[in-house]
Amino acid sequence: MSSDYLKEITSYLREYDGDSMNIMEVCGSHTAAIAKSGIKSIISDKINLVSGPGCPVCVTPSAYVDKLISLALEEGNCIATFGDLMRVPGSEESLNIAKGRGADVEMVYSPMDVVELAKKNPDKNYIFAAVGFETTTPVYALLLDTIVSEKIKNIKLLTAVKTMPAVIEHLLAEGAPIDGFLAPGHVCVVTGSKIFTPLAEKYDIPFAVSGFSGEEILEALYGLVKIKKGGRVMNFYPKVVTEEGNTSAKSLIDKYFTPSAACWRGMGIIKGSGLKIRDEYSYLDAGSEGLNEDIKKNKACLCDQVLMGKKTPKDCPLFGKVCTPLTPQGACMVSEEGCCHTWIANYR
Amino acid sequence: MEKVITMAHGSGGKTTGELIGAIFANEFDNEILNRMEDAAAVDGSKRIAMTTDSFVVTPLEYPGGDVGRLCICGTVNDLLSRGAIPKYITCGFILEEGLETETLKRIVHSMAETAREANVIIVAGDTKVIEGNGGLYINTAGVGFFDYDREISAEDAKDGDAILVSGTMGEHHATILGSRMSIANDIESDNAPLTDIVGALLKNKVDVHVLRDITRGGLATVLKELAKASESTFVVEDEKIPVSPQVRDFCGLLGLDPYYMGNEGKMVCIVDAKYADKALEIMKASKYGQDAALIGYVQKNEAAEKGMLYSKTSIGGLRNLDILQGEGLPRIC
């Protein structure tokens with residue numbers, strides 16, 4: 001981006017004095033990037049950035065965490081997981097606390113690491129905690145493909161895989177006051193930008209597909225604020241996002257997963273908002289069906305309202321007092337990409 | 001000498017004597033320690049700086065260093081942060097049975113070499129063996145002298161002061177995390193004693209107001225604590241923070257923030273702005289300061305809350321930074 005163009009964008013967004021607009025960044029990576037690049041200090045107060053339900057650990061219900069813990073405590077089992085899921089509260093405790101009392105949990109940085117672990121320790125049953133959105137699902141499909149083709153006997157997945165369009169539709173249908181969406185670039189790398197076109201048209205609302213640098217986010221915001229209304233998808237991340245997306249990744253996902261209802265923390269079950277392992281591979285599923293119970297560890301927690309963009313973290317009575325990154329009461333405080341965590345670290 | 005440490009090595013009897021003779025006395029050889037008294041008698045100074053620290057890192061050996069080098073660097077750099085020149089160190093070893101003797105030898109050797117490099121003498125030591133699984137823990141105490149009659153304090157940052165760092169951020173943190181998570185990379189720990197840098201700054205009469213080594217919690221945590229201690233506002237610039245391309249990529253991969261990545265051989269140095277160029281030149285001329293940079297300034301505190309830390313971002317935004325929250329866990333998508 002030329003510095004003149006950046007200046008033009010920045011001054012437009014700084015001086016914007018039209019109708020107030022609520023722009024939702026759906027994805028947790030955008031929430032974190034907005035904080036790190038100080039965007040709120042640049043743009044007009046009339047442009048209100050709202051965080052949405054796009055941090056995977058934040059939307060994982062307590063029943064899923066409870067199931068992971070009970071599996072991890074069974075003799076011979078080991079849970080392999082990404083780091084930030086370890087501290088998400090279940091109904092009673094987190095995986096991290098359960099680990100302290102003997103649950104076997106291994107932190108990995110890629111799902112494929114579990115293949116190596118399973119080969120090294122053939123007597124252990126590994127269960128991968130497969131949580132995430134469209135960005136992570138191709139790797140889970142690849143993991144399943146590897147398990148099947150190499151006939152690995154000691155890996156299963158406990159899945160809570162979610163997809164974006166249905167949850168965004170849920171927000172719009174519930175009347176969330178949103179004037180435009182900052183759409184996650186990495187999701188669109190896989191799905192293609194056209195995944196948001198039906199929603200844009202049906203609700204007459206703009207989507208701007210954006211990368212994750214400060215400049216890229218500013219450019220996408222500029223697109224949303226300048227056109228204001230109009231149901232269309234604008235691709236501001238063309239160097240990696242196409243309209244069709246990654247067709248080979250999509251067909252691998254399609255081989256192993258099929259659309260299903262999914263339970264979202266604080267929002268309940270949303271039809272067609274998830275993926276489950278296909279019946280013919282159900283022997284690789286560690287029991288993901290029916291994990292729909294969602295018990296709040298602390299009744300006063302407003303994570304559900306925050307995830308839907310109806311409240312900001314500061315509206316929550318627990319925020320920064322009982323609920324801190326060291327003592328998270330709700331999932332939004334756990335992950336670096338969780339809305340409450342980002343607020344406490346950057347806007348307090 | 002057996003191949004692994006056993007409970008007998010902690011008996012206080014013959015086997016303990018063998019362990020001390022074969023490994024510690026050999027490497028830490030000096031007149032004071034060689035007397036093998038119950039306490040070391042050393043020359044003193046009117047006013048001294050003292051510190052203590054424990055080192056429990058896993059793995060014990062990692063690219064660029066080991067727990068032996070780390071314990072000397074950590075102790076020495078803490079003393080230097082007060083403007084004291086490190087002189088004496090004591091060390092207590094807690095060994096778990098099963099520790100390989102060869103590993104212990106390498107670590108002790110590395111410790112002795114680092115002590116020589118940092119110009120400190122290991123004057124007393126102790127060894128205990130406990131049941132366990134081959135682990136090794138070291139507790140140290142360090143004594144330094146105020147050779148330059150300057151006691152540096154975290155409270156002394158003043159309006160207009162220049163904020164410098166002695167090099168690139170995050171190498172130690174990335175090395176340890178990379179080892180623990182088996183992420184292949186060519187990053188090496190920056191663990192180093194910063195005696196040369198601090199000695200040269202004080203010797204050349206740079207008006208140093210604050211020194212602090214950047215360890216756990218990373219640069220942002222250290223700066224925020226210093227801003228609070230001196231009740232001032234610090235403003236740094238994202239683009240001036242030195243980060244190697246390797247560490248930047250590593251952080252990108254795991255969703256970590258270089259501002260919160262720990263080091264074991266880097267310092268924040270806050271000086272009267274008039275001395276900023278001279279301080280930078282001295283740091284850059286030192287072995288462990290080649291990537292030193294001026295990253296920002298202390299500004300008059302006009303915020304309601306005392307002790308604020310801001311960074312100017314590359315797109316002209318202002319980010320409000322706090323101390324590290326939680327543990328800096330890798331993200332998942």
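First, a term: helices (H or I, at least four residues) and strands (E, at least two) are DSSP runs, numbered from the N terminus. On that basis chain A has 13 helices and 11 strands. Two notes on the source. This is a predicted model, where local features need pLDDT of at least 70 and side-chain atom pairs count only at pLDDT 80 or more, while totals for chains, interfaces and linings use all residues. Residues are numbered from 1 along each chain as its sequence is written, and chains are lettered from A and ligands numbered from 1 in the order in which they are written.

Chain A, then. Its C-alpha trace spans about 65 × 45 × 35 Å along the principal axes. The radius of gyration is 20 Å, which agrees with the value near 20 Å for a compact globule of 348 residues. That radius is taken over C-alpha atoms, and the rule is 2.2 Å times the number of residues to the power 0.38. Of the 348 residues, 55% are buried. Buried means 20 or more other C-beta atoms within 10 Å of the residue's own, with C-beta atoms placed from the backbone.

Now chain B. Here we have nine helices and 13 strands. The C-alpha box is roughly 65 × 55 × 35 Å along the principal axes. With 333 residues, a compact globule would come near 20 Å; chain B has 21 Å, which agrees. Buried residues are 49% of the 333.

Next, contacts: two residues touch if their C-beta atoms, placed from the backbone, lie within 7 Å. In chain B, among contacts between residues at least 6 apart in sequence, 86% join residues at least 24 apart. For chain A, the corresponding share is 77%.

How many residues does each chain give to the contact between them? Chain B gives 20 and chain A gives 35. On the chain B side, strand β13 (residues 318–321) gives the most, with three residues.

Last, a helix pair in chain B. The axes of α3 (residues 67–80) and α4 (residues 101–118) come within 7 Å and cross at roughly 30°. Axes are lines fitted to C-alpha atoms, for helices over the stretch in contact, and angles run from 0 to 180 degrees between N-to-C directions. So α3(B) is roughly parallel to α4(B), a label for angles under 35 degrees. Among the contact residues are I72(B) and V76(B) of α3(B), and M111(B) and A115(B) of α4(B).

Definitions and conventions
Parallel < 35°, antiparallel > 145°, perpendicular 65-115°, else oblique. Buried ≥ 20, exposed ≤ 12 C-beta atoms within 10 Å, placed from the backbone.
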